[in-house]
Amino acid sequence: ANPVLLPHLLYLKKAAKFNEINSTDYTNLVSLLNPASFNHNLWKTETMDELLSKRVQELASNGGEPPERYIYRGSDGIAPSFPLLEVPVVDLSCFASSSPLADQELDKLRLAISSCGCFQAINHGMSNSFLDQVRDVGKTFFALPTEEKQKYSRAVDDTEGYGNDIVLSEHQTLDWTDRLYLTVNPEDQRKLKLWPKNPESFRDVLHEYTVNLKILTILVLKAMAKSLNLEENCFFDQYGEEASMIARYNFYPPCPRPDLILGIKPHADGSAITFLLQDEEVEGLQVLKDDQWFNVPLVPHALLINVGDQVEIMSNGMFKSPMHRVVTNSERERMTLAVFCMPEADIEIGPVEELVTEERPRMYKKIKNFVSLFFQNYQHGKRPIDTVKL
């Protein structure tokens, strides 16, 4: 179902459930909204509660075989072991001052994001103890009783809040993860009713963390431009002063079938850049490089920063938005925090003109609000960036 139509379809389903419209009117209205692909029987027979799958924590605690809809059926499979990816470590403090090491770090940055699409950022200005706090408030939230967490549940037609996958199709493979998904910037778009009050420090800690990331986003986008000998604001100008920032805590309970189930399906991010605060002990993130999956190592108190589709577009393909996924663990839980930095929806993005040459022709169309393409493509296993390639 088209995500743009989803709220309307859900409204009709709710009305039909409570006999506010009859089944014939329901079917006719649904057909008008989405005549080609809508599954009438699925939506008429499921209740709203059934549409939302159970929390993965609940499935894990109940034991037994996981539901079939979590089984990953991709051709790449899930092997018992994977090689370790050598992810370059970049010192961000060199970009914040006139360090004699700046050129060396810019070269390292350029090589990292033009090959594997990510790097480990150190000396980012946040203390180890503060990053531990950022993790701890997330862990404390997911450890709360179910009824407490459900106070912050997302609406059925929205991504924001506590929950897991939006179910768009009966054939959709679900991710073995529960999430807390929150808009953090612009601040006037925060839905504070979905920001946990327990633990008490949650709101203040997340706010402080994202204030720091806002500064780092500008620093990194300018460093990316300078690494290509471009005017330093050329990427930031397309990003915008009022860009969006979305925080997503990811909780991966132990999974009884790590050989069959993924924490998150393969995808590339629809952001400009993404910051990931990894679990301090348990690996799980994998990046696809040269058609092979690699484990991403843990670097204590580093931030893993990866290029998103929108910077790949701006750089005319010089920088790579990496395909990545999360594998599960049969014994240990894992928690991470991803923060997605998205350009202003009203700003048109496209390849920087200096990067379009005879040797490297323009690879992407110009587009506004690229992120609107993301969810409808992600849940169907498609890359949204492919829709804007020339």
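The model is predicted: local features need pLDDT of at least 70, side-chain atom pairs count only at pLDDT 80 or more, and totals for chains, interfaces and linings use all residues. Residues are numbered from 1 along each chain as its sequence is written, and side-chain values use heavy atoms, with hydrogens and water left out.

**Helix 6**
- Ala102, Glu105, Leu106, Leu109, Ala112 and Ile113 of helix 6 are buried (under 20% relative accessible area, with a 1.4 Å probe and protein chains only).
- Down the axis of helix 6, the buried residues fall within an arc of 130 degrees, so they line one face of the helix; the arc is that of the directions from the helix axis to the C-beta atoms.
- On the face turned away from the buried side, Asp103 and Leu111 are exposed (over 50%).

**Cavities**
- A cavity is a set of points on a 1 Å grid over the protein atoms alone where a 1.4 Å probe fits but cannot get out; lining residues have an atom within 4 Å of a point.
- There are 3 cavities of 30 Å³ or more; a volume is the space filled by probe spheres set on the points, which are joined across faces, edges and corners.
- The largest cavity holds about 200 Å³ of space.
- Of its 20 lining residues, Asp269, Leu276, Leu285, Asn306 and His324 are the closest to its centre.
- The second largest cavity has a volume of about 50 Å³, and its lining includes Tyr252, Arg332 and Arg334.

How values were computed:
1 Å grid on protein atoms, 1.4 Å probe; cavity = no way out; pocket = protein on both sides within 12 Å on 5 of 7 lines; lining within 4 Å. Helix = DSSP H or I, 4+ residues; strand = E, 2+ residues; numbered from the N terminus.
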